[in-house]
Every structure is written in structure tokens, then in C-alpha cells.
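This report describes the fold of one protein, from its secondary structure to a pocket and a single residue. Please keep the sequence and the 3D view at hand while reading.

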Amino acid sequence: MLKILFLSLLLVASPIWPLGENPLIGDPYLIVNKQYNQLAYIHDGAIQDVYSVATGKELDLTPEGEFMIVVKAPNPYYRKKDIEGGAKENPLGTRWIGFDALETDGRIYGVHGTNAPQSIGHYVTAGCVRMENTNVEKLYAEIPLGTKILIVNTTESFEELARKAGAIE
């Protein structure tokens, strides 16, 4: 009984526990549109920035849906090829913002930097959303764990998508 009470308190006090409707207007929110390879950062009820990104080399590699940011890591380690974080040859760049797509706990799919900035704007990834390092560093500093990310492939505008999601009025 004590274990259940402790676990319940831990979950409610967690920094990623979404309380009530989420997002609320004003909350940070991310939208990735694979149609244009762009990411919009919404905060304070308005689109703050739109960034060029790279997404999956095949349409179904970057999962679509609304997910939650559950992991943030500076200078992420690249497990596939055993490359230390911060190394020049690390394809994940300087930041990892992992989201919970397909029950992967933010460890497989994420928004991350790159050591190949010429790839931005193209369909080249294994499923992640790739950004220039300076942009992902800025985004990393702005968004907390628990931020929602919507990934779509549509001709709808970011304004339309953010309105539908409840991130702007």
C-alpha cells in the first residue's frame, strides 16, 4: 500500500506529468510538418520560430502523431556506432530532445542536432527530426520536459495546426 501511495505521489510531482488539458494556450508546443521539412515552435499563444529540419528518408520512418518530450540530453552519446557525445563525428550533434513515439521512451525518436548541416531540409534520416546545432540548442533551452510535439504530413499551415491542437487561439 505504501509503495502505491509513493508511486502515485512521484507521478503527480513529476516534471513531465501533464496536468489537465495539454497544451494550454501559452504552453510551449512543437509542430513538425514533413511535407515542408519544417518545425514550428509555439509559445505564449504564438508561433515564435519556424526552423528547417530533415526528416525520414522514407515517409513512414518519422512517426506521425502527437507525442511528449520525455528526454533531454546535451551532447548525446550515439549508441549505434559507439560515438561519444560531443565528438565531431557524432551524427546527433549537440542536443537530443527525445519524444515517446511508438513506446520508445524518448530513446529512439527525437529532435537532435547534426554534424551534417547540409542535410537540413532533406529527407535523409532514419526517423528522427534533425536540426542545425545552433537551432536545436536554442529550442533545447526553451522547452521543458512534458512539451507536446505534433508530427504531420500536410499542406495545412502551422497556424491551422496549432489552432486545432489548442496551442493558439
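Helices here are DSSP runs of H or I with at least four residues, strands are DSSP runs of E with at least two, and both are numbered from the N terminus. The model is predicted. By this count the protein has three helices and 10 strands. Read from the N terminus, the elements follow the order α-β-β-β-β-β-β-β-β-β-α-β-α.

Eight strands form an open sheet with mixed pairing, in the order 3-2-1-10-5-6-7-9. Strand 3 (46-52) and strand 9 (129-130) each have a single partner strand and stand at the edges, so one side of each has no neighbour in the sheet.

| Helix | Strands it lies across | Angle |
|---|---|---|
| Helix 2 (residues 133-142) | strand 1 (29-33), strand 2, strand 3, strand 5 (65-74), strand 6 (95-99), strand 7 (110-112) | about 55 degrees to strand 6 |
| Helix 3 (residues 158-165) | strand 1, strand 2, strand 3, strand 10 (148-152) | about 135 degrees to strand 1 |

**Contacts and burial**

The protein has 169 residues, and 42% of them count as buried. Among contacts with a separation of 6 or more, 61% are between residues 24 or more positions apart.

Is Asn90 buried or exposed? Its relative accessible area is 1%, and buried means under 20%, so Asn90 is buried. Asn90 sits in the loop between strand 5 and strand 6. Apart from neighbours within four places in sequence, Asn90 is in contact with Pro76, Tyr77, Tyr78, Ile83, Glu84, Gly85 and Asn115.

**The largest pocket**

One of the contact partners of Asn90, Tyr78, also belongs to the lining of the largest pocket. This pocket has a volume of about 550 Å³. Its lining consists of 20 residues, and those nearest the centre of the pocket are Tyr78, Leu92, Trp96, Ile108 and Cys128. What kinds of residue make up the lining of the largest pocket? The lining has 12 nonpolar, four polar and four charged residues.

Key. Residues numbered from 1 in each chain as written. Predicted model: local features only at pLDDT ≥ 70, side-chain atom pairs only at ≥ 80, totals over all residues. Heavy atoms only, no water. 1 Å grid on protein atoms, 1.4 Å probe; cavity = no way out; pocket = protein on both sides within 12 Å on 5 of 7 lines; lining within 4 Å. Points joined across faces, edges and corners; volume = space filled by probe spheres on them. Nonpolar A, V, L, I, M, F, W, Y, C, P; charged D, E, K, R; others polar. Pairing = 2+ DSSP bridges. Contact = heavy atoms within 4.5 Å. Axes fitted to C-alpha atoms, helices over the stretch in contact; angles between N-to-C directions. Buried < 20%, exposed > 50% of the residue type's maximum accessible area, 1.4 Å probe, protein only.
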